[in-house]
Amino acid sequence: MAGSSSSIWLRLAQSLRSIWDEDADIHPAESAKAGHHVGKPKHDFSVQSAADRLQEMLQRNPGLKAKLHVVSLAEFRDWVGEKWPRLAGKVALIVEQVIRRHAGSGNPFCQDGEDRWIIAFPELSPEEARQRTLAVVEDLGRHLFGEQSGEGQRSMAVAAEVFVTDAVSDIGELDCDHVQAAIRESRAFVASGTVSDSVNQWKPMERGEDARRQEQVWEVIEGAPAKPLAFDPDLVAPLPPAARLSLVWRPTWVASGEAISAYGARVIRIDHEGAEAVEGCRAYPPGDVNAALRLDRFVVSTAVRDIVAGIRGGDERTNQASVIIPISWASLSSEQRGSVVIPLSELTQETRSARLAIEIFGIPDGTTTPELESVVSYVRSLCREVLVRTRMSARRSSLAAEIGVSMVGLDLSELRPDERMDDECLLETLSRVQEATAKDGIGCYLWSARHRKVVGGVVQGGFEMVNGPGLMKDIGRPAIVMPAPRARFVAA
């Protein structure tokens with residue numbers, strides 16, 4: 001009977017209830033117009049009745065030759081090895097999102113064990129069901145491995161099909177041995193036509209020597225008298241395969257504690273021997289999603305490694321500091337964003353909730369409210385707070401406040417040629433920015449302040465955070481919380 005607690009039909013039917021409940025929650029106004037009570041499913045739905053119907057459709061008609069489709073991450077689990085327990089929860093969320101996207105409404109699924117999922121397509125042709133399952137596998141490859149998933153490479157997700165009459169008993173029990181045999185056969189088939197395992201092994205790029213140096217002595221420095229070249233994003237060169245990347249951390253003053261109590265990650269890129277180093281957003285070629293993904297994977301994985309090293313070091317003052325990890329809009333709005341954020345699962349929920357802020361930058365003009373809200377919602381589940389970096393000419397604070405962003409900010413290294421100004425004009429402009437964000441009920445911050453006068457001005461002017469050479473030089477790893485009362489910046 002389908003009523004058995006271990007029945008595959010009952011487990012599959014649970015996903016149908018979940019989908020229908022979500023529909024009612026997402027569109028309460030539409031439910032009300034249709035005469036339904038807000039917050040209740042739009043369908044007269046019972047898990048038991050849905051399970052019975054699935055069983056009737058897929059098992060009790062011997063002429064149907066119905067199949068269940070299995071998606072297995074056994075290959076991925078073997079590849080990550082001892083990291084699997086830390087990654088399993090995050091991976092399961094990714095798999096569920098991908099299956100919902102490609103399986104389609106009304107096609108139930110369930111997780112079966114830690115690394116496989118069962119999907120049923122009760123009303124689709126065998127070919128259409130197969131195509132949708134393959135779409136799930138391909139999308140999982142992109143989410144987990146990004147640009148390195150493709151032709152000629154070993155697949156970390158595999159699909160298998162099993163006949164219902166062979167794999168499910170009369171009482172709905174799934175024959176796990178039969179399913180495992182189908183998966184093994186599929187893995188062997190995939191492996192026989194691919195190259196060696198090493199091809200598909202995505203690893204963070206190595207850190208540069210500068211980032212390995214020991215923590216430096218605290219030092220306040222002034223920017224050079226000559227102004228740096230104005231930033232023109234259209235002149236950013238493509239990212240070459242042999243580019244050397246390193247990561248530094250920028251000490252950041254935080255108003256809430258009147259201390260240098262946050263450290264912002266900043267990527268440095270050197271394209272070849274003797275080339276000028278470029279950093280931050282200047283390292284990201286415009287419109288190149290693959291380059292953005294490559295850079296962001298490096299930033300996140302290296303930042304996590306530094307944070308974990310600090311935690312293991314046991315310095316309480318270091319582990320009280322916040323960390324800010326910038327991730328580009330190009331990565332976070334792509335279907336491959338899962339491959340960027342997976343390293344965050346190596347941090348405990350407590351660490352992420354207490355110390356981690358994620359900054360979204362590079363948001364293009366014309367981005368719609370639903371698009372921004374979707375990305376912010378995704379990021380907010382990974383950290384303590386979400387920051388949004390914008391341009392001087394863009395107003396996003398009112399929108400950001402509505403969708404749960406903690407602060408909006410500017411990076412002076414991103415100023416375009418027509419936006420550059422002297423310190424007096426800059427401080428006047430920043431004052432107007434701060435007033436506007438305050439009216440919208442949201443904080444603001446400033447990165448890359450080169451002069452102490454600007455640092456002092458924004459500290460006294462009500463900015464929530466500030467960093468740059470005018471405050472302190474970059475260092476190799478996040479460091480201790482250092483008191484820095486607001487009054488200290490009056491002279492500046």
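In this predicted model, helix α3 (residues 47-58) comprises twelve residues, which at 1.5 Å a residue should span 16 Å, and its end C-alpha atoms are 16 Å apart, in agreement. The expected span is 1.5 Å times one less than the number of residues, and helices (H or I, at least four residues) and strands (E, at least two) are DSSP runs numbered from the N terminus. Val-47, Ala-50, Ala-51, Leu-54, Gln-55, Met-57 and Leu-58 are the buried residues of α3. They lie on the same side of α3, because they cover an arc of only 165° around the axis. Buried denotes under 20% relative accessible area (1.4 Å probe, protein chains only), and the arc is that of the directions from the helix axis to the C-beta atoms.

Three cavities of 30 Å³ or more are present in the structure. A cavity is a set of points, on a 1 Å grid over the protein atoms alone, where a 1.4 Å probe fits but cannot get out; lining residues have an atom within 4 Å of a point. The largest cavity has a volume of about 150 Å³. Its lining consists of 16 residues, with Ala-265, Arg-266, Pro-326, Glu-359 and Arg-389 nearest the centre. Strands β6 (259-270), β8 (322-328) and β9 (356-361) each supply at least two lining residues, and β6 gives the most, with four.

The second largest cavity, of about 50 Å³, is lined by Thr-390, Arg-391, Met-392, Leu-410, Asp-411, Glu-414, Leu-415 and Glu-419.

Residues are numbered from 1 along each chain as its sequence is written. Local features need pLDDT of at least 70, whereas totals for linings use all residues.

Note on methods
Predicted model: local features only at pLDDT ≥ 70, side-chain atom pairs only at ≥ 80, totals over all residues. Heavy atoms only, no water. 1 Å grid on protein atoms, 1.4 Å probe; cavity = no way out; pocket = protein on both sides within 12 Å on 5 of 7 lines; lining within 4 Å. Points joined across faces, edges and corners; volume = space filled by probe spheres on them. Buried < 20%, exposed > 50% of the residue type's maximum accessible area, 1.4 Å probe, protein only.
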